Amino acid sequence: MGTLNTKTALLEIGVEELPTSYINPALQQIKQASTKALTNYGLIFNNIKTYATPRRLVLIIEGLYEKSNDTIEELLGPSIKAAKDLNGNFTKAALGFAVKNDTTPEKLKTKVSDKGEYLCFTKTIKGEPTKKLLGIIFPEVIKSISFPKNMIWEETGFKFARPIRNIVALFGKNLIKFKIADVTSSNWTVGLHTYDNKKIKIDMSENYLSILKNKSVIVDQDERRQEIKNSIKSCVNNIGDILSDEAIIEEVNYLVEYPSAICCSFDKKYLNLPKEVLTVCIRKSQKCFAVNDKNGSFSNHFVGIKNGTSAYQDIVKEGYQKVVLARLADAEFFYNNDLKNGLQNNVEKLKGIVFHKEIGTIYEKTLRIKQIALIFNKEFNLNIDNTLIEKAAMLSKTDLVSEMVFEYPELQGIMGKIYALKLNENSEVAQALQEHYFPLSSSGTLPTTKLASIISMADKIDTLAANFSIGLEPSGSADPYGLRRSAIGFIRIALEVMPKEDLSQIIKSAFDFLPNNIKNNNNTTNPQDRLTNFLWQRIENLLETQGFDSSEIKAVTNEAKIYGIKKLGSLKPKLLSLQKAKQKGDFVSVSGIFKRINNILNQAKKQNINITSIVNQSLLIEESEKTLFEKAIFAKGLIEKYIAGCDYDRVFDIVLELKVNIDSFFDKVTVMTNEENIKSNRIAILQYIKNIFSGFIDFSICFKF
């Protein structure tokens with residue numbers, strides 16, 4: 001293989017404009033499928049690169065050898081017993097096998113397998129030309145790409161996200177011929193569809209990127225992204241800078257093939273609108289970028305990205321400005337109308353908005369949020385003014401019926417805060433109207449005030465309780481109501497705001513406040529228990545993302561679950577202490593000891609022995625059991641003290657000390673003796689030791705074996 005030349009292979013799938021969200025997943029699939037296919041066909045290559053624009057998906061394979069590897073195939077024939085007679089002569093079976101493989105019996109080898117010795121023929125299968133194999137591989141790669149939605153546009157019924165219009169397939173200078181979706185592969189492509197529909201010849205794969213760049217198509221998405229940033233910077237250099245918006249840059253990157261920035265402006269009177277409104281209006285109009293002036297204040301300029309060279313900029317600029325102007329005029333109308341109507345008047349309108357057909361309206365939900373939030377305040381002595389809680393809860397969803405949020409749903413919460421401040425509501429209440437939606441993602445920002453936190457938690461636990469009560473629970477990857485996000489948000493806020501509290505009563509209250517038709521729903525069983533288990537799953541997942549081992553997490557959470565959802569803030573410190581303790585002591589054997597304790601207790605249950613933790617000291621015969629019980633009594637008092645003081649490091653130190661006495665006990669004492677009263681008493685010692693750590697940690701599973 002070392003003497004063979006290498007070339008670059010190229011596959012370009014030319015399509016009608018793809019949805020931006022389809023492109024990156026498609027590139028990942030192309031890379032995976034091509035890597036697998038090349039390997040399966042025995043082709044050696046140096047590198048695989050994928051590129052994309054809105055109208056082309058591109059695969060480039062660098063350093064690809066001109067033929068596949070030679071392979072050696074071993075064919076087993078008859079066994080030696082069947083291949084030779086008693087005189088050592090070859091039989092008909094051996095002769096037949098040799099003739100079949102175009103050789104003589106004497107040239108056959110012997111191979112030893114698990115089943116014995118067999119005749120064997122070894123043949124070398126020559127590698128095939130890469131050009132031929134690519135004619136098979138490229139269609140396979142195209143067929144492997146899946147999209148959320150597909151189209152059928154031609155008679156063969158081939159499915160793809162958008163119609164395929166041309167295919168470039170080359171190996172160096174050599175054309176790779178195949179046909180798919182009624183399109184025959186070729187060595188030509190097209191440039192910018194809005195400017196030049198002439199065919200562009202690709203003379204060889206290695207020149208593809210430069211040829212298209214000379215025709216005003218930047219195929220490399222990374223290069224194109226940087227060009228977008230550079231052109232924007234150059235465009236606004238004398239004004240200021242754009243508002244940072246990586247998400248829009250990423251989207252625009254897959255809307256254009258050759259970006260050109262155009263600086264536009266709008267009437268300064270619209271600067272009276274909130275900057276959040278201005279930003280969303282500008283974003284909505286052809287994915288433009290808002291601009292701050294050099295003082296960091298919102299300016300009346302914005303930047304649009306044109307697909308193509310700088311030609312006809314005035315016409316494109318005029319188009320951008322007309323679209324933005326129309327949106328700003330609408331936004332001004334919505335804004336003024338919403339302020340005129342006020343938030344309080346919107347409370348009544350919530351009665352007409354259905355939260356869920358079985359659960360009721362948004363208005364009814366806000367009443368439940370208020371009730372749950374008031375319980376938070378009372379149970380946990382948060383000392384928040386109840387009038388503020390009631391106001392924040394009742395106004396929390398009012399911007400949903402505002403004209404602005406109806407037009408721009410992404411402004412929910414944001415407009416609630418803006419309108420509340422403009423209408424002279426309490427600033428904490430205004431903050432809660434926005435932040436009760438926080439966190440917006442599993443790792444998003446948490447609410448910044450106690451008021452916003454309890455409104456957020458009340459909202460989320462109500463949503464969870466209501467959905468679990470009617471059987472709408474996440475299954476597999478399906479979670480249409482975002483319940484996993486709600487659960488993680490609820491837990492993260494609890495860890496931040498009330499890490500030492502017992503949330504079990506809050507969860508119960510959330511179910512109690514639900515409408516009677518849901519509470520008395522016979523179609524679901526034990527929804528509160530199922531929700532509690534669901535929350536614990538999210539807690540465990542959250543801890544795992546923080547780098548803790550699953551066995552460690554289970555060891556801590558299994559015991560914590562005994563008391564419901566309580567003192568969540570203690571979980572991470574316990575895990576950190578456990579990790580430190582593992583560095584200091586032999587926790588493999590500690591885990592083994594507690595496994596043995598559990599096994600003995602389970603054995604006792606099967607024998608219907610009455611298990612108690614009350615130890616009769618008069619029945620302690622052996623010195624090792626007397627010592628163990630004395631040490632256990634002493635340890636219990638210390639452990640209770642250390643757990644109460646959250647000094648978990650000291651707890652683990654005591655465990656390691658107690659381990660010595662437990663080892664001695666098991667070495668010198670037979671627990672399951674024939675004397676029933678002594679056996680029961682020794683079982684009681686083990687139960688007593690287990691109870692010491694009840695609710696703290698399950699040592700029997702704290703280490704992976």
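Helices here are DSSP runs of H or I with at least four residues, numbered from the N terminus.

I note that this is a predicted model, in which local features need pLDDT of at least 70 and side-chain atom pairs count only at pLDDT 80 or more, while totals for chains, interfaces and linings use all residues. Residues are numbered from 1 along each chain as its sequence is written, and side-chain values use heavy atoms, leaving out hydrogens and water.

For accessibility I used relative accessible area with a 1.4 Å probe on protein chains only, where buried is under 20%, exposed is over 50% and partly exposed is in between. K229, at 31%, is partly exposed, and E246, at 44%, is partly exposed.

Next I checked D222, which forms a salt bridge with R225 at 2.9 Å between the closest N and O atoms. Both sit in helix α6 (residues 221–236), three residues apart, or about one helical turn. D222 is partly exposed at 48%, whereas R225 is buried at 17%.

I then turned to E552 and K582, whose closest N and O atoms are 3.1 Å apart in a salt bridge. This pair links helix α21 (residues 550–560) to helix α22 (residues 571–584) across 30 residues, and both residues are buried.

Lastly, I recorded a network of salt bridges linking K365, R368, K397, D459 and D462, and a total of 33 salt bridges in the structure.

Terms used: A salt bridge is a side-chain nitrogen of Lys or Arg within 4 Å of a carboxyl oxygen of Asp or Glu. Helices (H or I, at least four residues) and strands (E, at least two) are DSSP runs, numbered from the N terminus.
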